[in-house]
2 protein chains.
Amino acid sequence: MKIAVMGAGAVGCYYGAMLARAGHSVTLVARPQHVAAVQARGLILETKAFTEAVKVDAIADASGVADAEIVLFCVKSDDTPAAGREMAPHLSAKTSILSLQNGVDNAERLQDVLQRPVIPAAVYVATDMPGPGHVRHHGRGELVIGAGPASVEIAEAFSRAAIPTDVSDNVIGVLWTKLIVNCAYNALSAIPQLSYGRMVEVEGVRDVMQDVVAECLAVAERAGVRVTDNLPATVLGLAAAMANQLSSTAQDLARGKRTEIGHLNGYVVRTGARLGIATPANRALTAMVKLMEAKAEG
Amino acid sequence: MKIAVMGAGAVGCYYGAMLARAGHSVTLVARPQHVAAVQARGLILETKAFTEAVKVDAIADASGVADAEIVLFCVKSDDTPAAGREMAPHLSAKTSILSLQNGVDNAERLQDVLQRPVIPAAVYVATDMPGPGHVRHHGRGELVIGAGPASVEIAEAFSRAAIPTDVSDNVIGVLWTKLIVNCAYNALSAIPQLSYGRMVEVEGVRDVMQDVVAECLAVAERAGVRVTDNLPATVLGLAAAMANQLSSTAQDLARGKRTEIGHLNGYVVRTGARLGIATPANRALTAMVKLMEAKAEG
């Protein structure tokens with residue numbers, strides 16, 4: 001199949017590389033320095049098992065999505081509307097569009113821009129980019145994608161490419177589950193730059209995580225979302241399973257990058273305000289990350 | 001009068017110096033490096049109007065409170081019980097003890113240790129110590145002290161020493177008012193190390209401050225405390241009046257010192273838990289400062 005990755009950062013490069021290795025024709029739409037590196041030597045995919053230069057096309061312009069049967073939309077949540085508008089004139093009628101992004105409403109926001117269906121996907125993968133055109137895989141890689149006319153066919157093709165992919169009729173519930181875990185960990189790890197294991201040992205932190213989860217569940221319930229897990233237990237278990245992990249928000253802050261906090265705890269705050277649910281713990285964490293961003297801007 | 005300052009940091013040195021200048025006999029109980037500096041050249045009091053070496057006694061041992069008619073108890077809140085026990089054997093029956101500390105329950109905690117009355121005092125002064133035996137005055141200096149047999153006499157003596165001092169039958173309400181202002185500013189300024197003026201301009205911060213104040217007022221009301229001010233308005237006004245101020249908690253964190261957060265937002269959290277009032281915003285701010293302390297400890 002012909003597949004384009006719109007916004008090929010670490011996540012998009014990983015899935016693009018896996019699909020290209022399985023024989024699909026992959027085009028990355030990425031920043032110029034990544035495009036140059038990929039054109040020069042291929043996309044370097046480094047996993048625990050192998051390191052390989054994968055042959056893919058790369059272009060800095062959104063016209064790279066032209067003729068794609070599938071577009072993996074992987075930009076940062078703040079960039080969803082702008083990237084959607086850039087991509088829109090180049091999409092063909094038969095293109096399936098998947099949103100592989102953090103937060104729960106990116107598919108909906110992109111759909112509003114494009115005025116056509118977008119399939120939400122929950123992404124479970126740990127990757128980073130140590131340099132231009134070089135993606136490192138640290139663990140996992142599975143997807144849960146929403147139901148749609150092409151979803152089963154996409155899931156089968158992806159699974160054959162070693163991307164375990166399930167179709168769910170409750171992908172929004174799956175995305176909320178992931179969101180709530182992120183709401184409990186991301187800011188609290190980011191602000192002091194502490195790993196999950198150390199962070200949960202600090203006095204009072206588990207109480208705050210429970211407040212955060214309870215607020216999120218109240219908002220989800222009022223929003224009619226069916227969350228897919230026994231979350232309070234899952235959330236606290238994660239600290240042991242990922243003791244050395246720093247949150248993506250922590251990594252963004254450490255690099256002086258804008259975080260996605262407005263699409264994590266900040267999204268819960270806005271949705272709570274709309275639905276009449278108080279979210280003081282999420283509000284405090286959101287503001288604290290914004291304060292750290294303001295400090296970094298000097 | 002014979003006056004001793006137990007725990008002569010910036011606040012204690014300032015009041016000790018002012019009383020000594022007015023002719024009282026003052027003994028500072030302080031850390032050895034301060035004692036050595038004061039014995040060598042007097043206590044340097046630097047104000048915007050003058051700089052002067054003030055003659056006071058200084059000693060590193062709690063026996064320095066012996067024979068004092070008034071003890072100004074100025075240690076950090078965490079040190080209240082230990083400093084009380086050290087001082088106890090040296091107190092005479094006629095000594096009046098004033099707690100000039102942050103938080104609202106230090107006088108009560110000291111009273112429990114000493115098994116005798118302690119007069120709470122609300123302190124409004126900006127001071128720091130740029131070096132051993134050297135205190136700088138930046139502004140204000142007034143006290144509100146609790147009612148007791150000696151309070152009016154003490155207030156008159158202090159006022160004659162250019163320390164404007166009022167006696168209040170609601171000093172606990174006054175202390176809570178000050179506590180609530182600190183709860184709204186200290187942690188939010190400390191964590192990003194931003195001044196009050198910059199901090200309140202960041203998106204969502206005023207909302208969090210309102211959550212914090214509302215929780216504090218609910219706890220105070222349930223505790224039967226009569227708060228003395230229109231607090232939501234006072235709190236937001238302070239950011240303009242003290243735009244360049246960093247909180248004391250911010251200064252403690254910046255110096256790698258343990259903060260008093262457990263006696264500020266942390267006190268509200270504990271009191272709320274005891275009285276059945278939820279305090280998620282105060283809980284989040286307390287945990288965040290504890291996380292920063294844990295990070296600093298490495």
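Is A:Glu142 buried, exposed or partly exposed? With a relative accessible area of 24%, A:Glu142 comes out as partly exposed, on a scale where buried means under 20% relative accessible area, exposed over 50%, and partly exposed in between (1.4 Å probe, protein chains only). The side chain of A:Glu142 meets that of A:Arg140 in a salt bridge at 2.6 Å, N to O; the term stands for a side-chain nitrogen of Lys or Arg within 4 Å of a carboxyl oxygen of Asp or Glu. A:Arg140 itself is exposed, at 56% relative accessibility.

Some bookkeeping comes next. The model is predicted, so local features need pLDDT of at least 70 and side-chain atom pairs count only at pLDDT 80 or more, while totals for chains, interfaces and linings use all residues. Residues are numbered from 1 along each chain as its sequence is written, chains are lettered from A and ligands numbered from 1 in the order in which they are written, and side-chain values use heavy atoms, with hydrogens and water left out.

Back to the charged pairs. Side chains of opposite charge can pair when their charged atoms come close. Over all chains, a search of the whole structure turns up 18 salt bridges. One of them joins A:Arg258 to A:Asp79 at 3.8 Å, N to O. A:Arg258 sits in the loop between helix 10 (248–254) and helix 11 (265–275) of chain A, and A:Asp79 in the loop between strand 6 (70–73) and helix 3 (80–87), so this pair ties together parts that are 179 residues apart in sequence. Helices (H or I, at least four residues) and strands (E, at least two) are DSSP runs, numbered from the N terminus. A:Asp79 is partly exposed at 29% relative accessibility, and A:Asp78, A:Asp79 and A:Arg258 are linked in a network of salt bridges.

In chain B, B:Asp78 forms a salt bridge with B:Arg258, with the closest N and O atoms 3.4 Å apart. This pair also links distant parts of the chain, 180 residues apart: B:Asp78 is in the loop between strand 6 (70–73) and helix 3 (80–87), and B:Arg258 in the loop between helix 10 and helix 11. B:Asp78 is partly exposed at 36%, whereas B:Arg258 is exposed at 51%. B:Arg258 also turns up among the contacts (heavy atoms within 4.5 Å) of B:Asp252, alongside B:Lys76, B:Lys257, B:Thr259 and B:Glu260, leaving aside neighbours within four places in sequence. B:Asp252 belongs to helix 10 (residues 248–254) of chain B and is buried, at 6% relative accessible area.

Now the interface. Chain A and chain B bury about 2,500 Å² between them, 71% of it on carbon and sulfur atoms; buried area is the accessible area (1.4 Å probe) that two parts lose on being put together, summed over both. On the chain A side, A:Arg283, A:Met288 and A:Leu291 lose the most area to chain B, together 23% of what that side buries. The contact takes 28 residues from chain A and 28 residues from chain B. Four salt bridges run between the chains, including one from B:Lys290 to A:Glu203 with the closest N and O atoms at 3.4 Å. Helix 12 of chain A supplies the largest share of the side of chain A that touches chain B, twelve residues.

Helix 8 of chain B (residues 205–222) has 18 residues and should span 26 Å at 1.5 Å a residue; its end C-alpha atoms are 26 Å apart, which agrees. The expected span is 1.5 Å times one less than the number of residues. Its buried residues, among them B:Val205, B:Met209 and B:Cys216, pack against helix 12 (280–297) of chain A as well as helices of chain B, including helix 6 (171–190) and helix 9 (231–241). Just after helix 8, B:Gly224 takes a positive phi of about 80°.

Finally, the backbone. A:Gln193 has a positive phi of about 55° although it is not a glycine; A:Gln193 is partly exposed at 23%.
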